[in-house]
Amino acid sequence: MPALPLPDPPLTDGVVLLRPRRAGDIPQRFRAFADPLCLRFSWPLTEPLTERHVRERFVQEEPARLRGEEVCLAVVDARETGRIWGGASVYDTVRSEGRLGVGYWLAPEARGRGNATRTLRLLAGWAFDCLAVQRLELTCAPDNTASQQVARRCGFLREGVLRSHIPFRDGRRDTVLFGLLPGELV
Ligand SMILES: CC(C)(COP(=O)(O)OP(=O)(O)OC[C@H]1O[C@@H](n2cnc3c(N)ncnc32)[C@H](O)[C@@H]1OP(=O)(O)O)[C@@H](O)C(=O)NCCC(=O)NCCS
């Protein structure tokens, strides 16, 4: 697939700003992600998360973008752009068929005031406007109610449960699937 572009200029609504990730973000990104809720829902390995994992992931991200597989962005405080609030990404589900996945997480300090909802709105709007996407998919654990609320607030519809969908820790996990079509973003 052709490379996926980076949003240029960065995406912002004046409260959150989504910009490309930088090597200098890694220590802050590690500290923010090493939080019980992020680990519970977004860390699939049995081994403990370390800063090395975050560094290795960072090195893989730009090549993956150039292969057209994903775009990973830092979610930062738009008023204090050095402060990492979280991460957001779009990734190839079947891009050749006009489908992309979206994902996000926030540090504890950034939760509870709509920043994930703002992040998802910006990301979904950009995907429809600039990436010629015909369907966005959002997947999460059945007990991840906070993430499901974020999806619903942006207009995603819950479409069903994918049984035994992904390897997670020492077993497999069901996934709730949400979908959003052009014109449905709120
Ligand atoms: C999923 C996750 C990002 C959601 O974060 P969040 O803070 O609950 O979501 P939002 O930023 O949209 O904030 C929603 C809360 O802010 C409140 N809020 C205040 N102003 C708001 C506004 N303008 N718009 C939306 N919500 C607003 C809502 O009422 C809600 O409060 P509640 O949690 O008491 O019900 C967070 O739980 C997380 O990082 N989890 C770990 C990683 C993860 O699960 N990622 C997703 C994998 S699928």
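**Strands, then the ligand**

Guide: Let's begin with a pair of residues: Leu 100 has Leu 136 in E6 as its bridge partner. A word on the source: this is a predicted model, where local features need pLDDT of at least 70 and side-chain atom pairs count only at pLDDT 80 or more, while totals for chains, interfaces and linings use all residues. Residues are numbered from 1 along each chain as its sequence is written, and side-chain values use heavy atoms, with hydrogens and water left out.

Visitor: In which sense do E5 and E6 pair?
Guide: Strands (E, at least two residues) and helices (H or I, at least four) are DSSP runs numbered from the N terminus. Two strands pair if DSSP finds at least two bridges between them. E5 and E6 have three bridges, and their sense is parallel.

Visitor: Which residue in E5 is the bridge partner of Asp 92?
Guide: E4 and E5 pair over eight bridges in the antiparallel sense. For Asp 92, the partner in E5 is Leu 100.

Visitor: How many residues does the hairpin from E3 to E4 go through?
Guide: Strand E3 (residues 70–77) and strand E4 (residues 80–94) are antiparallel, with eight bridges. Cys 72, for instance, has Ser 89 in E4 as its bridge partner. The number of residues in the hairpin joining E3 to E4 is two.

Visitor: Which strands stand at the edges of the sheet?
Guide: The sheet is open, has eight strands with mixed pairing, and runs in the order E1-E2-E3-E4-E5-E6-E8-E7. An edge strand here has a single partner strand, so one side of it is left without a neighbour in the sheet. Those strands are E1 (11–12) and E7 (157–168).

Visitor: On to the ligand: how far is its oxygen atom from a polar backbone atom of Ala 116?
Guide: A polar contact is a pair of N or O atoms within 3.5 Å; within protein, one must be able to donate a hydrogen and the other to accept it, and residues adjacent in sequence count only if both atoms are side-chain atoms. For Asn 115, a backbone N or O atom lies 2.8 Å from a ligand oxygen atom. For Ala 116, the distance is 2.7 Å.

Visitor: What share of the ligand's area does the protein bury?
Guide: Accessible areas come from the Shrake-Rupley method with a 1.4 Å probe; for residues, only the protein chains shown count as cover. Taken alone, the ligand exposes 940 Å². The buried share of that is 68%.
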